[in-house]
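Thanks, everyone, for making the time this morning. Please have a look at the model on the screen before I start talking.

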Amino acid sequence: MKNNLLKTLSALAVSTAVGVGGMASAMAENVKIGMITTLSGGGSSLGIDVRDGFMLAIKQSGRTDIDVMIEDDARKPDVAKQISDKFIQKEKVDILTGIIWSNLAMAVVPPAVRQGVFYISPNAGPSALAGKACHENYFNAAWQNDNLHEAMGGYVSAEGHKKPFILAPNYPAGKDALTGFKRFYTGELAGEVYTKLGQTDYAAEIAQIKASGADSVYFFLPGGMGIAFMKQYSQSGVSTPVFGPAFSFDQGILAAVGDAAVGVKNSSQWSKDIDTPANKAFVESFQKEYGRLPSLYASQGFDSANLIISAVEKAGGAKDADAFRAALKAAEFTSVRGDFKFASNNHPIQDIYVREVVKEGDVLTNKIVAVGLKGHANAYVDQCKM
């Protein structure tokens with residue numbers, strides 16, 4: 001039933017895209033976007049949220065000159081690359097977007113941008129693409145992978161914790177995560193562990209935490225990995241406080257984790273309680289459209305689409321690559337996260353918040369309790385020689 005539901009949702013999104021882009025606008029030649037994202041299997045909720053946020057912005061824009069094609073990468077790099085090749089060579093897309101996972105981004109983005117296609121990331125921000133492998137056609141509308149972890153490293157240190165135990169999956173984003181945490185955390189570590197990507201049994205890691213003498217735990221385990229870890233951690237009886245990035249305590253995750261998440265502090269560049277007209281309107285319209293609260297991923301999909309829409313408006317389409325690139329760089333859209341601009345390596349400069357998981361009635365959600373980093377860019381700007 002779950003697979004059928006996902007297929008139905010995907011079909012509806014593609015149907016919406018066809019309706020949105022079915023007629024050429026008098027303003028400009030149609031812009032073709034290929035979305036490659038995870039719509040089935042582990043981590044599918046992340047891709048669904050990115051897709052839904054993106055398509056909501058397209059719908060709200062009322063534009064008829066933007067075509068969006070959507071395909072499921074099943075969280076497999078080879079599948080993502082095959083879809084990318086088809087979008088570029090057969091469909092002649094102007095823009096690619098949608099990838100959730102950094103290992104998939106590394107398989108798709110470098111060859112795509114070298115062929116003159118633009119890639120707008122609504123999620124994955126591997127350090128390589130922010131540094132030495134940066135490219136003028138690659139823009140990240142979410143963050144650089146290290147960012148949220150840097151904010152929480154500084155927060156854990158400021159809160160007086162002396163021996164955190166840190167863990168993440170063994171793939172590019174996991175390595176960036178712990179690198180970012182350690183960049184801003186100033187004390188010693190009780191332990192550092194890289195788990196298997198997609199792992200669901202954390203008995204061994206929890207035993208290590210117990211034996212380590214840790215005074216806190218910081219983990220980056222996105223999607224179902226984080227759900228499994230938190231459930232097992234809660235059941236183990238370990239009382240050491242837990243911290244994390246938003247990816248493990250976001251709206252789509254909390255219902256599955258349950259009350260074990262209440263009180264956990266996590267870092268995010270977005271939260272549903274950011275008090276701006278744009279964010280209030282986004283939260284309300286997303287809930288009305290889809291019957292659920294938006295997640296961090298939904299906000300990133302929404303912002304990515306609005307960035308593209310603003311650049312299409314400014315450049316009169318995407319065929320003039322120089323004009324479109326300059327329009328993207330200008331970032332003349334109203335982000336739901338508040339202030340937003342690009343650093344010289346085309347990654348955001350933005351505030352990173354500390355949130356706390358709370359219960360509002362019967363609904364688990366987050367509220368902002370602090371600003372972790374103000375107007376923060378990333379550590380790889382100087383390595384990018386565009």
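I will go through the domains and the interface between them, then one glutamine, and finally the salt bridges.

A word on the source: this is a predicted model, in which local features need pLDDT of at least 70 and side-chain atom pairs count only at pLDDT 80 or more, while totals for chains, interfaces and linings use all residues. Residues are numbered from 1 along each chain as its sequence is written, and side-chain values use heavy atoms, with hydrogens and water left out.

Let me begin with the domains. The protein is divided into domain 1, covering 2–143 + 274–342, and domain 2, covering 147–268 + 352–383, with the bounds coming from an automatic or database domain assignment. Their C-alpha centres lie 27 Å apart. If we define contact as heavy atoms within 4.5 Å, then 19 residues of domain 1 are in contact with 22 residues of domain 2.

How much area do domain 1 and domain 2 bury between them? The figure is about 1700 Å², with 67% of it on carbon and sulfur atoms, where buried area is the accessible area (1.4 Å probe) that two parts lose on being put together, summed over both. Of the area that domain 1 buries against domain 2, 26% is supplied by S127, W143 and L296, more than by any other three residues.

On the side of domain 1 that touches domain 2, α4 (102–114), α5 (127–130) and α12 (296–315) each supply at least two residues; helices (H or I, at least four residues) and strands (E, at least two) are DSSP runs, numbered from the N terminus.

Next, the glutamine. Q350 is placed in strand β12 and is buried, with a relative accessible area of 1%; buried means under 20% relative accessible area, exposed over 50%, and partly exposed in between (1.4 Å probe, protein chains only). Its side chain reaches the backbone oxygen of A142 at 3.0 Å, and a polar contact of 2.7 Å joins the side chains of Q350 and R337. Leaving aside neighbours within four places in sequence, the residues in contact with Q350 include W143, D339 and K374.

The side chains of D351 and K374 meet in one of 3.1 Å, N to O. Because D351 lies in strand β12 (residues 348–360) and K374 in strand β13 (residues 363–376), the pair ties together parts that are 23 residues apart in sequence. D351 counts as buried at 13% relative accessibility, whereas K374, at 66%, counts as exposed.

For another pair, D65 forms a salt bridge with R63, with the closest N and O atoms 2.8 Å apart, and both residues are buried.

Technical notes. A salt bridge is a side-chain nitrogen of Lys or Arg within 4 Å of a carboxyl oxygen of Asp or Glu. A polar contact is a pair of N or O atoms within 3.5 Å; within protein, one must be able to donate a hydrogen and the other to accept it, and residues adjacent in sequence count only if both atoms are side-chain atoms.
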